[in-house]
Amino acid sequence: MSKGRRKASNAAVFTASAAVNRAVSKFSGYNSRQEGRAQKLQSTMPRTTTLDTPGCPPLRALAFDSLGLIKVVECKGEEKGAAKMVEKWGQPDASSAVVAASILDREFNPLLAVARKNGSVDILTPVNGAIQASISNLSQTQDSPQDNAIVGLHLFKKPWSESSLRSYTFLTSTIKGCASIRSFELPESRAEIVSDVTQTTWSTSGSGETLFLKVDGSECYSLFGGKGVEVNVWDLLTSTKIWTAKSPAKNNLGIFTPTWFTSASFLSKDDHRKFVSGTHNHQVRLYDTSAQRRPVMSFDFRDTPIKAVSGDLDGQTIYVGNGSGDLASFDIRTGKLLGSFVGKCAGSIRSIVRHPELPVLASCGLDSYLRFWDINSRQLLSAVFLKQPLTDVVFDSYFGNKEVAPALDLQPQLECLSEISDGEEDMAPRKRKKTSKKHKESKKLKLSKTGMHGSGDVSEILDSSEENTLQDTRKKASKAHKRSDKLKSKRTKQ
Amino acid sequence: MGAKRKNSGDGDGSSNGDGKEVKKAKKKESMAESLLPSMIKNKEKRSEVHAKLKHQKKLEKRKKAKAREAAEKRALDLGEEPPPKSIPRTIENTREFDETICMPDDEELFAGNDADEFAPVLNQELTPKILITTCRFNSTRGPAFISDLLSVIPNSVYYKRGTYDLKKIVEYAKNKDFSFVIVVHTNRREPDALLMIGLPNGPTAHFKVSNLVLRKDIKNHGNPTSHNPELIMNNFTTRLGHRIGRLFQSLFPQDPNFRGRRVVTFHNQRDFIFFRHHRYIFETKESKQVSSKGKNAKTDKDEGSSEPKVIARLQECGPRFTLKLRSLQHGTFDSKGGEFEWVHKPEMDTSRRRFFL
């Protein structure tokens with residue numbers, strides 16, 4: 001009782017002071033004075049605990065959010081460090097929220113396709129975020145983009161037709177099951193709206209809502225599925241349906257669960273027959289199109305809907321994320337839980353992506369954190385707060401390579417470049433520029449440093465004059481390095 | 001001058017003494033460290049040692065306080081500035097660092113605010129309309145709480161729950177242009193949870209309710225008028241807190257009627273949200289002032305007659321309760337297939353100094 005009274009008196013005090021303030025000024029939200037004080041305390045307060053995240057290897061990831069922003073997260077340096085947001089592209093606008101993204105992840109001339117809520121697809125350079133082209137969906141369909149939003153997007157790696165090399169192709173699917181393959185040519189001037197789009201359109205489902213679209217490694221087959229839509233496989237070359245799943249039989253109580261697929265993933269790159277899919281009633285199912293139409297295996301995971309499924313490179317492990325922020329890995333051969341990824345993840349997981357080389361997994365979702373996990377230890381490597389609910393994430397895997405690749409390796413690259421440039425003389429090779437060069441330089445410098453010092457102790461003993469000479473030599477080294485860089489650029493121009 | 005020297009000499013002496021004592025204490029401590037009382041197996045001996053240690057600690061504390069007081073007094077006497085008061089460490093000011101804390105210069109925050117589900121209400125494009133209902137079985141304190149809530153929240157209607165599914169109710173409310181559905185859940189005849197469902201596609205927040213005191217149980221409570229209340233939101237600092245704050249804000253019309261002098265407060269402290277409802281009044285009290293400060297009345301009288309002092313008085317109207325967020329779900333109520341923006345998980349409770357709102 002006394003406790004209650006004390007509380008009440010406290011309340012009386014703060015409301016009294018605030019009431020006087022408020023009565024004059026118009027109410028507009030939060031008590032800014034209080035907030036300011038809290039922040040002051042924040043800056044001066046002692047930090048009692050430290051976050052024990054070991055940091056991740058050098059990598060670069062792009063996260064897409066519900067305000068249409070693209071955020072670049074990088075982790076630099078040879079040492080393991082915390083990932084940081086380095087760049088932000090676009091203007092915050094709720095109508096251009098990103099719904100799907102696909103990256104052409106290659107060393108030269110990488111491309112990024114981003115589907116937005118208002119029905120347009122933007123093509124960007126994932127190196128600097130320059131918009132190459134913007135294709136609006138509006139002209140093709142009668143429905144407004146609100147009713148028939150894009151749900152899935154895939155940018156093809158291989159050239160679709162025997163046209164010029166500047167032409168690219170992507171596949172989209174809308175919520176009503178309207179799939180379309182479009183080819184477009186990159187215009188000369190940037191940020192131009194492309195009009196000459198050739199496309200083939202077909203309908204993948206009669207009723208229901210399509211919720212996802214996946215394309216296999218060979219880029220010949222694609223998966224569709226959704227709410228009231230059984231998973232179906234289409235041959236993209238002929239655009240015919242080759243396989244449909246059959247819903248599992250009624251259970252022993254005679255209860256039939258309606259179909260509601262939320263996500264799917266092919267198990268491995270070279271096999272289009274096996275895939276896993278997650279359902280709304282928290283079930284993960286393994287399908288084998290060569291065996292049967294019903295799932296080969298199915299198991300439950302927790303009790304909120306599965307929201308994201310992703311396969312590992314080896315085709316044996318899958319990663320499953322659900323609506324309450326649980327992430328776990330399963331051995332798909334046995335259906336056994338290998339372990340869950342624990343790290344105070346509070347919001348629904350929207351996307352899981354496996355890094356193509358490093359043993360790193362990225363997950364993002366409604367709690368607006370982008371998290372990097374170690375695959376083997378299932379430990380949180382780094383978490384970045386990106387301020388908005390995130391919808392998708394992709395890895396830009398050649399970022400790390402650039403840093404490691406020494407200058408000597410340029411020769412084969414040049415050769416392959418010349419091969420490419422046979423068809424496209426007019427196009428200057430859009431290489432990954434500044435950032436990578438800087439990295440190289442810094443790395444060289446570091447190398448030279450360590451070479452000269454031998455060990456850290458020596459540098460402490462060194463007096464000023466010696467340091468001067470050292471600096472000179474460093475300068476010389478960097479000059480030499482620059483020269484070599486120039487040479488390189490000359491060679492590439494040739 | 002002489003006094004100063006004396007003082008300083010005293011200070012030195014005392015400090016020397018302190019040094020010796022400290023040394024002694026250190027010796028004892030090292031002894032104690034080697035032999036913790038909890039390691040002694042004989043209970044009598046153990047309690048004896050423990051009591052001794054405790055006594056020592058108490059003495060030390062007292063000595064410290066005394067020294068502090070003396071220093072302060074000395075400073076006062078000498079007209080110097082007193083030593084700075086040390087700020088006590090509380091759980092709030094040693095809160096774990098949180099990167100999600102909203103900054104006033106964050107443009108993304110404002111862009112997000114403009115796009116969120118509460119924007120139409122908060123930009124005064126829409127007046128909120130609230131449907132209040134209960135869980136299936138409802139008795140005694142539940143209805144009383146609801147009648148209190150109805151008087152707090154303007155433009156709210158109570159609907160009998162009947163045997164309808166909550167999803168059906170949400171659908172119905174959507175068609176009737178309600179902006180919020182509040183479900184009061186009672187357990188053992190005691191309201192223990194609140195579910196707030198934003199409409200048409202707003203988030204669903206689930207709160208635990210505790211320490212509920214109804215209006216009729218508050219002594220000297222006031223009766224609220226039907227004016228639109230003013231709102232006070234305190235300490236909603238993180239992104240999640242900001243969102244929850246906006247949710248509470250959008251329950252009320254955004255044009256407070258200042259003549260009504262009603263204030264509704266949501267005060268967040270260590271993730272508990274305290275709800276209070278008050279009436280206030282500004283009063284000018286001259287006579288009381290004079291009488292209370294009768295001794296030096298001459299000067300006060302002149303001042304008092306020239307500018308009368310205005311004070312604010314408060315009267316609580318109730319109800320009074322505490323909320324704790326359990327989950328925030330994306331979209332309208334869907335207990336099985338819901339997608340959560342935030343759920344409380346036991347692994348989050350590893351530190352007392354971590355707060356989410």
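Modeller: On a 1 Å grid over the protein atoms alone, a cavity is a set of points where a 1.4 Å probe fits but cannot get out; its lining residues have an atom within 4 Å of a point. This is a predicted model: local features need pLDDT of at least 70, side-chain atom pairs count only at pLDDT 80 or more, and totals for chains, interfaces and linings use all residues. Residues are numbered from 1 along each chain as its sequence is written, chains are lettered from A and ligands numbered from 1 in the order written, and side-chain values use heavy atoms, without hydrogens or water.

Colleague: What volume does the largest cavity have?

Modeller: Grid points are joined across faces, edges and corners, and the volume is the space filled by probe spheres set on the points. There are five cavities of 30 Å³ or more. The largest comes to about 80 Å³.

Colleague: Which elements give two or more residues to the lining of the largest cavity?

Modeller: The lining comes from chain B, with B:L149, B:V152, B:M196, B:F321 and B:L323 among its residues. Helices (H or I, at least four residues) and strands (E, at least two) are DSSP runs, numbered from the N terminus. The elements are α5 (141-152), β4 (190-198) and β10 (320-330) of chain B.

Colleague: What share of the residues in chain A is buried?

Modeller: Buried means under 20% relative accessible area with a 1.4 Å probe, protein chains only. Chain B, with 357 residues, has 41% buried. Chain A has 494 residues, and its buried share is 51%.

Colleague: How many strands does chain A have?

Modeller: Chain B has nine helices and eleven strands. In chain A, seven helices go with a strand count of 29.

Colleague: In chain B, what share of the contacts with a separation of 6 or more joins residues 24 or more positions apart?

Modeller: A contact means heavy atoms within 4.5 Å. For chain A, the share from residues 24 or more positions apart is 48%. For chain B, it is 70%.

Colleague: Which residue of β7(B) stands opposite B:E230?

Modeller: Strand β7 (residues 262-269) of chain B has seven of its eight residues buried. β6 (residues 230-234) of chain B pairs with β7(B) in the parallel sense over five bridges. Opposite B:E230 stands B:V263.

Colleague: How many residues of helix α7 of chain B are buried?

Modeller: Its buried residues include B:R239, B:H242, B:R243 and B:R246. B:L240, B:I244, B:L247 and B:F248 are also among them. For this helix (residues 239-249), the buried count is eleven of eleven.

Notes: Buried means under 20% relative accessible area, exposed over 50%, partly exposed in between (1.4 Å probe, protein chains only). On a 1 Å grid over the protein atoms alone, a cavity is a set of points where a 1.4 Å probe fits but cannot get out, and a pocket is an open set with protein on both sides within 12 Å along at least five of seven lines; lining residues have an atom within 4 Å of a point. Two strands pair if DSSP finds at least two bridges between them.
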